[in-house]
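Reader: I am new to reading protein models, and I would like a close look at the charged pairs in this one. Could you take me through them slowly, and then show me what lies around the ligand?

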Amino acid sequence: MTTILLTGITGQVGWELQHALAPLGNLIALGRDGMDHANPDSIRSAIRSTRPDIIVNAAGYTAVDKAESEVGLVTRVNAVAPGIMAEEANRIGAPLVHYSTDYVYDGTQERPYTEDDAPNPLNTYGKSKLAGERAIREVGGTYVILRTSWVYSARRSNFVLAILRLAREKPVLSVVNDQVGSPSCARALAESTAELLRKRHLIQGHEGVYHLSASGQTSRSEFAKAIIRIMREISGAKGGWAEITPITSDQYHPPLPARRPLNPVTDKSRIKRVFGIEMPDWESQLRSFLPELAARVT
Ligand SMILES: NC(=O)c1ccc[n+]([C@@H]2O[C@H](COP(=O)([O-])OP(=O)(O)OC[C@H]3O[C@@H](n4cnc5c(N)ncnc54)[C@H](OP(=O)(O)O)[C@@H]3O)[C@@H](O)[C@H]2O)c1
């Protein structure tokens, strides 16, 4: 039976992966207590003692603003740990699946970024994720790096949960309209990752970076409007939700510590071509997701 080692199980993606990957084999699901990504010895010993057939790394330092003042920790978790995981995966011949971000791009390009376009991260988080990708690539072996975008789920903190909370507390919410992305539901990402693992025979010879996020794109403010519009439809309530006022990133107050790329939207055709994987468009993902939250917030 295939043994899959999954890390980051308390996170948005890792939590959903526990369910999505369970049918694929014997799942060893580790949180921080089973593998501390800031500690190379902990990474090595967890992999050496479990000797998995596949490693899926959903752990990462994701606090984009806090990262600006925790460069040492961010570097250990996002830049160094992936390389160590790749070394250990390579030693035992296990494919490594790792997540990265569209924040590796500066977001100034007018057309969607392909995996061959040059990254140029604007903040510490993006730089650390790019360094992690490069560390994996330098080791080589059998690996896939999935650059995703604007992840949300029913857990932890994310844009959807923040909008749903604030939209009940305030009459008007100012949301930036100049940051564009492809909001991706953690469950859909986990399902696409499971699909990738079902086709893992294709990884060898196709190692590299792949864009994997929702089809389509939207701005933060249009995304916020869609969240409220769909929630109103579900609850049948007309009032009680904030109106969204679009603002630019420069108008956001107080300014955030980390600069965000404005238009890091990615072209997802490579993963479709190689693995036949395409995530649903962002709005249908949101429509499938919101009903499970409706009881909580309406
Ligand atoms: N969230 C997004 O919008 C987004 C966008 C693009 C790409 N990504 C990438 O997608 C992946 C998954 O993101 P996510 O949203 O699921 O992240 P998340 O919800 O913030 O979860 C992060 C996970 O990493 C774990 N972790 C952090 N530091 C650790 C350490 N030192 N040792 C062990 N575990 C540690 C956390 O454990 P604790 O619970 O113990 O803290 C948690 O399980 C990450 O690689 C991220 O960079 C995310």
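Author: Happy to! The structure holds 17 salt bridges, a salt bridge being a side-chain nitrogen of Lys or Arg within 4 Å of a carboxyl oxygen of Asp or Glu. Before we look at some of them, please keep in mind that this is a predicted model, in which local features need pLDDT of at least 70 and side-chain atom pairs count only at pLDDT 80 or more, while totals for chains, interfaces and linings use all residues. Residues are numbered from 1 along each chain as its sequence is written, and side-chain values use heavy atoms, with hydrogens and water left out.

Let's start with Arg44 and Glu88, whose side chains meet in a salt bridge with N and O 2.8 Å apart. This pair links distant parts of the chain, since Arg44 sits in helix 2 (residues 40–50) and Glu88 in helix 3 (residues 71–92), 44 residues apart. Helices here are DSSP runs of H or I with at least four residues, strands are runs of E with at least two, and both are numbered from the N terminus.

How covered are the two partners? Arg44 is partly exposed, with a relative accessible area of 24%, whereas Glu88 is buried at 1%. Buried means under 20% relative accessible area, exposed means over 50%, and partly exposed is in between, using a 1.4 Å probe and protein chains only.

A second pair is Arg111 and Asp117, with the closest N and O atoms 3.0 Å apart. Arg111 is partly exposed at 46%, and Asp117 counts as buried at 13%.

Now for the ligand. It is surrounded by 25 residues, the closest being Thr10, Arg32, Thr62, Tyr125 and Lys129; a residue is counted here if one of its heavy atoms lies within 4 Å. This shell divides into ten nonpolar, eleven polar and four charged residues. Ala, Val, Leu, Ile, Met, Phe, Trp, Tyr, Cys and Pro count as nonpolar, Asp, Glu, Lys and Arg as charged, and the others, Gly among them, as polar.

Look at the oxygen atoms of the ligand next. One lies 2.8 Å from a polar side-chain atom of Arg32. An N or O atom in the side chain of Thr62 is 2.5 Å from a ligand oxygen, and Val151 brings a backbone N or O atom to 2.9 Å from one. On its own the ligand has 900 Å² of accessible area, and the protein covers 88% of that, by the Shrake-Rupley method with a 1.4 Å probe. The elements that give two or more residues to the shell are helix 1 (12–21), strand 4 (96–101) and helix 4 (124–139). Strand 4 supplies the largest share, three residues.

Methods. A polar contact is a pair of N or O atoms within 3.5 Å; within protein, one must be able to donate a hydrogen and the other to accept it, and residues adjacent in sequence count only if both atoms are side-chain atoms.
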